[in-house]
Amino acid sequence: QKGKVHCDVKPQNIFLTERSRAVLGDFDGVKDSDPPMQAEHDAGQEPPRQRQRTNQTTVVHITGRYVAPEILQDSPLTPASDIYSAGTILCELLGGGTLSSEPERAAALNRLARRMRSTDPSARPTVAEALQDRVFVREEGETARCVTCFETFLRQRGVSCTDPGRHFICCHCLNRFIESSTRIDHEDTDVRARFLQNGCRVACQHAGCTSAHFPPADVSFHLRPAVHAQWEDARTQATEMRVRQEMEPEIQERIQRAQREPAIDRHMREIEEALTLKCPDCRAAFVDFDACAALQCAQCGCRFCAYCQQRGGHEHVHACPEGEGLWIRREQWERLQRRRHAQRVRQMVDQLAQEERGEVLRRIQPLLRERRIRL
């Protein structure tokens with residue numbers, strides 16, 4: 001359409017976008033399409049045949065096996081030369097038995113390839129004609145317009161709600177929504193908090209639509225692996241939050257009961273509680289040690305030191321007087337925890353009255369042996 005010839009159509013110059021769409025790149029060798037051959041030429045200009053040879057020498061040097069025969073025959077450059085190169089690539093991509101399970105489509109490929117690689121440039125199809133061939137248009141599918149990006153896709157390339165209007169969200173917008181809603185952003189925690197509070201369910205984005213949330217299986221089918229893993233982590237956290245909320249009345253009841261329990265039992269419960277490493281902000285138990293001493297709470301994102309349990313990230317860990325480095329092995333981590341637990345238990349036992357201390361020490365021995373803690 002623009003009267004240009006790419007001159008270097010080959011697999012190395014075909015790139016995939018984030019949406020898996022193939023695009024042609026490397027336009028350094030693009031040339032104008034040659035005009036029809038003339039018997040005469042204006043004074044001061046080199047003959048047309050010589051000018052074409054200048055262009056063609058570059059093309060042959062670059063594209064060797066994909067070059068159209070008319071270029072080798074010193075004929076004019078036209079967009080049909082690129083069609084020949086594209087036909088060669090198409091044979092490499094879909095030939096060799098790739099379509100053996102689709103005989104009708106394989107036959108259509110052979111017909112299209114013969115046309116695209118015809119020795120007569122005028123017999124080759126245009127790009128628009130090639131794209132409408134049976135090789136590419138496999139079947140007629142229902143299309144839908146995404147309510148988020150307003151682009152049109154096959155309906156199977158996204159999710160549709162149960163509203164009579166069947167509002168559609170394409171898989172690309174669905175991935176972006178899930179990714180932005182589950183990403184941990186300490187500067188803007190409201191988005192993730194609301195998504196977790198809603199159970200990580202995905203609702204129709206059409207204004208005013210009251211249809212049911214999309215089934216998790218339908219959403220999962222269209223997510224990229226990384227986004228799917230991020231979504232599953234958020235769903236697990238949302239489930240934990242829901243369970244905690246459901247258990248809150250029971251927890252309050254246990255607290256009230258603990259206030260009435262005998263002193264020895266209360267001291268035992270406090271010691272068992274002290275042996276559980278918790279986030280200094282939300283008090284959630286920490287169990288996801290990953291070899292980094294700058295611990296991060298999976299619940300609220302708070303960072304705190306593995307050595308002194310004070311709030312702080314990498315800089316704090318490096319400067320911590322109790323520290324032994326930013327990266328520690330699992331055995332070293334467990335040894336540090338045992339040492340911290342022993343110190344904490346000693347402090348709590350020393351604060352007890354003499355008549356309570358002996359009974360508490362006797363009753364906590366099984367727990368200390370289980371945790372391999374020595375006082």
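**View 1. Surroundings of histidine 267.** Apart from neighbours within four places in sequence, histidine 267 contacts Leu352, Glu356 and Val360, where contact means heavy atoms within 4.5 Å. The model is predicted: local features need pLDDT of at least 70 and side-chain atom pairs count only at pLDDT 80 or more, while totals for chains, interfaces and linings use all residues. Residues are numbered from 1 along each chain as its sequence is written, and side-chain values use heavy atoms, with hydrogens and water left out. Histidine 267 lies in helix H10; helices (H or I, at least four residues) and strands (E, at least two) are DSSP runs numbered from the N terminus. With a relative accessibility of 12%, histidine 267 counts as buried (buried is under 20% relative accessible area, exposed over 50%, and partly exposed in between, with a 1.4 Å probe and protein chains only).

**View 2. Packing of helix H10 against helix H13.** The axes of H10 and H13 (residues 354-371) are 10 Å apart and form an angle of about 45°. H10 is therefore oblique to H13. Axes are lines fitted to C-alpha atoms, for helices over the stretch in contact, and angles run from 0 to 180 degrees between N-to-C directions. Angles under 35 degrees count as roughly parallel, over 145 as roughly antiparallel, 65 to 115 as roughly perpendicular, and the rest as oblique. The crossing of H10 and H13 is right-handed; a crossing is right-handed if the near helix is turned clockwise from the far one by less than a right angle, and left-handed if anticlockwise. On the H10 side, the contact includes His267, Met268 and Ile271, and on the H13 side it includes Glu356, Val360 and Ile364.

**View 3. Packing of helix H10 against helix H12.** H10 (residues 263-274) and H12 (residues 330-350) have axes that come within 10 Å and cross at roughly 155°. These two helices are therefore roughly antiparallel to each other. Their crossing is right-handed. Glu270, Ile271 and Ala274 of H10 meet residues of H12, among them Arg340, His341 and Val345.

**View 4. The protein chain as a whole.** The protein chain contains 13 helices and ten strands. Of its 375 residues, 36% count as buried.
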